[in-house]
Amino acid sequence: MYSSPRLKDSARRRWLKHAASLVVVLAVVAFFAHAFQRNWASIQAHSFEFHPLYLALSFAAFLATTLLGIYALHDSFNTLSTSKLSFVESVATMSSSSLMKYVPGKVWSYALQMYVLAQRGIRKSLVLYVNLINIAISLLASMLIGCALLLAAPMSHLPRAPLLLFFGALVVADLVCVRFNAGLFGWLIGLANRVFKKNIERFPVPLALLLRLHAVHAAAAVIFGLAVYWVCRGIGYQVGAGQALTVAGAFLLSDVAGFLAFVSPGGLGVRESVMYALLGGAASGSLAVLVPVAARAVSMLVDVLLGGTALKLLKDLSVTQGSRDPTAR
């Protein structure tokens, strides 16, 4: 049977992505096996006291972070599109598509969004554009607040001068993006179109929307940091104010690293490994090993429960819309 070079090339790329994901997962497993071995005495010495209230607070914080991210997308679509979504529709679409982030490649959640929102009259190019803007602002907010927390932490072992320079560069970059967003986004989209040979449209973004997105994503980053603090308390770590700032800042920066690790599904292992390193590794004892893993467990529980609820909502909304469509009869 004849197979075109394009199909062969596509199959080869898919195979390479899966192979790269497998290598990353195996490397992370080996890394954490070594980390557990080095910190085994500290782990055994830790008194596991589970506090349901703190674990419930961490669950609520992770849930609030997800809902704020959904609200940012909801606001973006309703501002830039003539087709309007209810918040329930946005929750159903974004939460169900977010389950796909655990599939290697990072693109499947956006593909599902495009498929669902196309039925609501929202163009695929707008779905991509809105996601790109929100990802950029969300990552920037997480890095800014993460760096600020680490700079404010009196016990942080990280070198302060490079961290301060990085923080300053992020502030300048953010101000430039807000002030010159039209020209800058246009240039970036043009560059992406040339590099990836795509035809991504550019949509004018009102300044008021950009400022709202900054506020929403900043609030989400702060709550995300609170979530990991409550995880610490929930599994028996009595962290003081200084250590809490370090843990929250490291968690935010490691989450950015996990997102940018495209070959790792959902940033699995990458986020935990980076957080372990930022907390000082073996020097910080069992906390650097156990807290990232516990935080992952709680956040995945939120993803699964919210995603399952969203799939049910999506099915109900499809049935309702189908019953209202005369052509469906």
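Q: Buried means under 20% relative accessible area, exposed over 50% and partly exposed in between (1.4 Å probe, protein chains only). Is F87 buried, partly exposed or exposed?
A: This is a predicted model, in which local features need pLDDT of at least 70, side-chain atom pairs count only at pLDDT 80 or more, and totals for chains, interfaces and linings use all residues. Residues are numbered from 1 along each chain as its sequence is written, and side-chain values use heavy atoms, without hydrogens and water. F87 has 34% relative accessibility, so the residue counts as partly exposed.

Q: How many aromatic pairs are there?
A: Rings of Phe, Tyr and Trp (its six-membered ring) pair if their centres lie within 6.5 Å; planes under 30 degrees apart are stacked, over 60 edge-to-face and the rest tilted. By this rule the count is four.

Q: What is the geometry of the pair F62 and F224?
A: The centres of F62 and F224 are 5.5 Å apart, with 75° between the planes. F62 sits in helix α3 (residues 52-80) and F224 in helix α9 (residues 207-234), so the pair links distant parts of the chain, 162 residues apart, helices being DSSP runs of H or I, at least four residues, numbered from the N terminus. Both F62 and F224 are buried. The pair is edge-to-face.

Q: What is the geometry of the pair Y71 and F87?
A: The ring centres of Y71 and F87 are 6.3 Å apart. Y71 belongs to helix α3 and F87 to helix α4 (residues 87-98), so the pair ties together parts 16 residues apart in sequence. Y71, at 37% relative accessibility, is partly exposed. Because the planes of Y71 and F87 stand at 55°, the pair is tilted.

Q: Which residue joins F62 and F224 in one aromatic cluster?
A: F62 and F224 form a pair. The cluster holds these two and F251.

Definitions and conventions. Helix = DSSP H or I, 4+ residues; strand = E, 2+ residues; numbered from the N terminus.
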